[in-house]
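Here is a brief report on a protein chain and its ligand.

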Amino acid sequence: MDRIEEPAARGAAKDAGKGAAKGRSLSVVPPAEAAPATSPAASPPPHHRNPGTELKPDWFETIQVNLSAVERRAATLGTRRSVKKEYQAAWLVKALQCIDLTTLAGDDTPGRVRRLCAKARRPLREDIVEALGLADAPPTVGAVCVYPTMVGPAVKALEGSGIPVASVATGFPAGLTPLPQRLAEIRYAVEEGAGEIDIVINRAQVLTQDWTRLYDEVRAMREACGPAHLKAILGTGDLKTLRNVYKASMVAMMAGSDFIKTSTGKEDVNATLPVSLTMVRALRDYGERTGETIGFKPAGGLKTAKDALSWLILMKEELGRRWLEPDLFRIGASSMLADIERQLEHYATGRYAAAAHHALA
Ligand SMILES: O=C[C@H](O)COP(=O)(O)O
């Protein structure tokens with residue numbers, strides 16, 4: 001495609017808020033198409049790696065992005081849809097299963113990482129899990145995301161849980177250290193046991209439209225990842241235009257990224273719906289050309305259950321139900337889980353506990 005326009009309403013999520021039960025049913029397993037399945041057992045196996053393609057500038061060079069159409073579409077996503085009651089609970093459990101529970105702070109310690117991992121294993125209080133009818137298969141988060149030197153403690157703390165450890169790498173967050181060091185950092189994190197590597201691209205290469213260098217670097221990073229999945233952080237707040245966001249998304253996927261991710265959480269502007277819409281359209285276009293399914297990860301500044309619902313609706317509307325599973329969708333967040341837990345507690349008990357009663361995260 002060479003233009004991003006507002007599509008005709010697809011109605012894919014129209015079903016989301018309909019027919020919610022009047023009485024409080026505490027099972028959050030809703031009718032088939034109404035909301036995402038919530039049992040971890042329902043998650044499909046991890047999708048195969050994206051082999052990438054050669055660099056094909058003709059797939060993106062003439063792209064035009066209609067900014068007002070993108071903004072209009074993004075604005076209506078949150079308003080046209082309302083997800084109520086037990087459907088909302090099911091969507092929130094799904095969001096929780098897609099969270100990359102993150103700590104990326106200068107004062108991270110192994111102790112903090114271990115506490116985060118305990119929360120990743122049991123993100124919801126036991127009484128809430130029981131009230132939701134999920135005691136047989138309590139949900140866990142999608143992954144724990146940390147700095148490379150914290151991978152070791154995280155891997156140890158998550159042993160036997162099946163929860164992967166994701167490591168940022170390549171001079172996060174700026175990505176401006178020399179390439180050999182960036183590649184060595186990836187190899188270090190993989191050796192420590194990271195199953196997923198969140199690399200940052202060099203934004204200067206986008207701003208100077210140096211697609212060959214960007215492609216070659218991400219290719220080399222993918223090589224360095226070995227079996228670990230590669231998520232490419234575009235740092236979209238630095239990229240100036242949505243056309244650049246589209247182009248950088250395409251080059252990252254051509255170079256073999258398994259996921260494209262919006263932001264580091266450290267830019268002035270992080271995940272937004274218009275940027276995310278542009279990226280998922282690129283992802284869809286890439287899929288139509290190659291048959292590959294690529295994952296998407298919005299990250300940075302996402303804090304509320306409402307944010308989670310907005311992005312789940314975006315995925316379902318634009319890409320379909322398949323992109324509501326953690327192998328193709330993650331939310332990178334250091335402080336969203338507490339609000340999701342709070343909303344689920346309210347659903348289950350009819351009241352809110354004080355925020356201090358929920359573990360931070
Ligand atoms: O990759 C994840 C982000 O760094 C998280 O950003 P956040 O701290 O704003 O949630």
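## Overall chain

Of the 361 residues in the protein chain, 55% are buried; buried means under 20% relative accessible area with a 1.4 Å probe, protein chains only. This is a predicted model: local features need pLDDT of at least 70, side-chain atom pairs count only at pLDDT 80 or more, and totals for chains, interfaces and linings use all residues. Residues are numbered from 1 along each chain as its sequence is written, and side-chain values use heavy atoms, leaving out hydrogens and water.

The chain has 12 helices and 10 strands. These are DSSP runs: helices are H or I with at least four residues, strands E with at least two. Accessible surface is about 14,300 Å², 53% of it from carbon and sulfur atoms, by the Shrake-Rupley method with a 1.4 Å probe.

## Ligand site

Residues around the ligand (a heavy atom within 4 Å) include T102, L104, T264 and A299. G301 uses a backbone N or O atom, 2.8 Å from a ligand oxygen. Taken alone, the ligand exposes 300 Å², and the protein buries 89% of that.

## A buried lysine

K247 sits in helix α9, residues 242-254. Leaving out residues up to four places away in sequence, K247 touches F60, E61, I63, Q209 and W211, with contact meaning heavy atoms within 4.5 Å.

Conventions. A polar contact is a pair of N or O atoms within 3.5 Å; within protein, one must be able to donate a hydrogen and the other to accept it, and residues adjacent in sequence count only if both atoms are side-chain atoms. Buried means under 20% relative accessible area, exposed over 50%, partly exposed in between (1.4 Å probe, protein chains only).
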